[in-house]
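Visitor: I'd like to learn how to read the strand pairing in a model like this one. Could you walk me through it, then step back to the whole chain?

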Amino acid sequence: MPQTTPKGLHRLAFGGDYNPEQWPEGVWQEDVRLMREAGVTLVSVGIFSWALLEPEPGRYDFDRLDRVLDLLHENGVRVDLGTPTVAPPAWFYRAHPEALPVTAEGVRFSYGSRGAICHSSAAYRAAATGITTRLARRYAGHPALALWHVHNEYGVPVSACYCDNCAAHFRRWLEETYGSIDAVNEAWGTAFWGQRYGSYEEIDPPRATPTAGNPAHQLDYRRFADATIRENFRTERDVLHALSPGVPVTTNFMTALSQCDSIDYWAWGREVDLVTNDHYLITDGRRTHVNLAMAADLTRSVAGGAPWLLLEHSTSGVNWQPRNPAKRPGEMARNSLAHVARGSEGAMFFQWRQSRRGAEKFHSAMVPHGGTDTRIWREVVALGADVEALAEIRGTRTVPDVAMVWDWHSWWAQNLEWRPSEAHDARERADSFYEALYDRHLTVDFAHPESDLSAHPLVVVPALYLTTEAAGRNLREYVENGGTLVVSYFSGIVDEHDAVHPGAHPGALREVLGLTVDEWSPLLDDQRVTVTGPDGAALTGDVWTEFVRPRGAETVWTYADGPAAGGPAVTRHRLGRGTAWYVSTRLDATSLDAILAAACEDAGVAPRAGLPRDVEVVHRAGDAGQRYVFVLNHSTEDAEVPLDGSGKELLHNGPADGGLTVPAGAVRVVRLDG
């Protein structure tokens, strides 16, 4: 069984990407002195250093990296050592220009950025394996080595290449997946538009076409691209496992739905020894701390509920959005500890020292351009002390309340062309349902639609357009066995090949929901509908309406106007020992609360009374009975927060008995007695 925690790290991880090659060697001594001052325990090294480590094909120079690792070890800092395979050297591309990826429009990218890789390139695979092998042989026994870090942020900025090498590789993948060309034709429905193939050689990647292409073809190509990238990761991982046993291997994910949509993280979570994640606040007018919580919950779920590690986030502003605001005083610590509350075994940043050159010179860092006489540095030092004070939570797990079903394959399929409304967005539905649960102060686990859901009293399905027969059975059995299910519109529609399930919509979910949908009637941009419910309450929907026909379900909310006026808008179906709710229009997070309140009552999920909006309360628990409560006040007002018992507040070393006063913008962590 591979080790799943950084080797030799007995505290929470605190640090960031360390790129000493950007600086004169005289700066290194100052770096390690400041790392000691800040309480740094772990740094990521070597991620973009291939051109320095192998300046010419087959000629290696490890002298600089030797000195860096030795210096870090002498100063008590553990190392997450990168394989630099995200950025091959210029000499590699000069020799192998075919390794640069090609767009669906036939444009080949040029050298000069990062991640410009055709993952079907045999030359790239050989070169990546070569540098990884050299690193593993040299540093497997180094005393600073805690973790291997393969590549960097797979899937960003290029996830799929459409070159001739990829075409040949795709044909092999199809043959291995389907076994015969007839099976491909059946799965893809090629009888439509006369697209039938007589041999694998006739199949190309889904390159640019004059109108919408075959959706099943496009969906399988996304699967192929993800599988090909994962194959390259496994190759490097297996080299490291063989040559450096006992040291866990990871790669940094980007699970936030706002940051990467090309990777099936359910599959990737099974491949790494330790799940790690990068997260950056997205400036899009949303409540950024809700997106952060959602990403952390999703990462923990990809890890199967086990502790994971935040490998990158920012001390303040980033540099790659149209507008990059600075974090407010205290926000860096609050962001960091929010990840810890939701399962991370520490908080790390990109990067240690802010760059003077290159594309990310305006990206914030632990040591900013202004040095140590800055607010950011003072907050970094204070956060290091806070992380040290929380060392005892290592190994405990975040306690969830409810679950949300999410599937990347369904997201990929729903985003293809020619759907009933381009305004219906799977990510938006997931965000809104999550925000509604967050505002009820519920901690969310994410789940694959075919996974065991029995531990969760309430399961929410915000967007599951692609629903396999196995997933449909799983959700039905969950309800029959006593679970409470809430499903949003346009779910259950197609199978794994994007083929509509036989019979009336919602296909694979008809039985569990106890209804059929005669027709969808998406709304225009300026259209709204009113739905009325118990005691005359009214909610406003937009984007989508449906003509719903109950077949065992009861109508709870009714369309008061719009195309489906007088028809069911929200239904409830008692099935076996459980209940399934269906919401057939788009309600925002505030309106969804009325539906979720009733579903929570069905599920026996009690409301958390006395908690203000934007005050986050999350629990971690250990196998030996330890209980911790994290309280994060994202609001601008002090908050009074009740506690289920008494204990010790760890960040300020004071007692906590029955309740806490948490200042605006502050964080408190309580170890409960008993």
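Visitor: Which way do strand E7 and strand E8 run, and how many bridges join them?

Guide: Keep in mind that this is a predicted model. Two strands pair if there are at least two bridges between them. Here, strand E7 (residues 276-278) and strand E8 (residues 308-312) run parallel, with three bridges joining them. For a spot to look at, take Asn-277, whose bridge partner in E8 is Leu-310.

Visitor: What sheet does that pair sit in, and in what order do the strands come?

Guide: It's an open sheet of nine strands with parallel pairing, and the order reads E5-E4-E3-E2-E1-E9-E8-E7-E6. The edges are strand E5 (249-250) and strand E6 (252-253), each of which pairs on one side only. Across the chain as a whole, you'll find 17 helices and 26 strands.

Visitor: Why say that the radius of gyration agrees with a compact globule?

Guide: Because a compact globule of 674 residues would come out near 26 Å, and the chain has 26 Å. Along the principal axes, the C-alpha atoms fill a box of roughly 75 × 75 × 45 Å.

Visitor: What share of the residues count as buried?

Guide: Buried means under 20% relative accessible area, and 60% of the 674 residues fall there. The accessible surface is about 25900 Å², with 48% of that belonging to carbon and sulfur atoms.

Visitor: And how much of the contacts with a separation of 6 or more comes from residues 24 or more positions apart?

Guide: Those pairs account for 72% of such contacts in the chain.

Conventions
Residues are numbered from 1 along each chain as its sequence is written. This is a predicted model: local features need pLDDT of at least 70, side-chain atom pairs count only at pLDDT 80 or more; totals for chains, interfaces and linings use all residues. Side-chain values use heavy atoms; hydrogens and water are left out. Helices (H or I, at least four residues) and strands (E, at least two) are DSSP runs, numbered from the N terminus. The radius of gyration is taken over C-alpha atoms; the globule rule is 2.2 Å times the number of residues to the power 0.38. Buried means under 20% relative accessible area, exposed over 50%, partly exposed in between (1.4 Å probe, protein chains only). Contact means heavy atoms within 4.5 Å. Accessible areas come from the Shrake-Rupley method with a 1.4 Å probe; for residues, only the protein chains shown count as cover.
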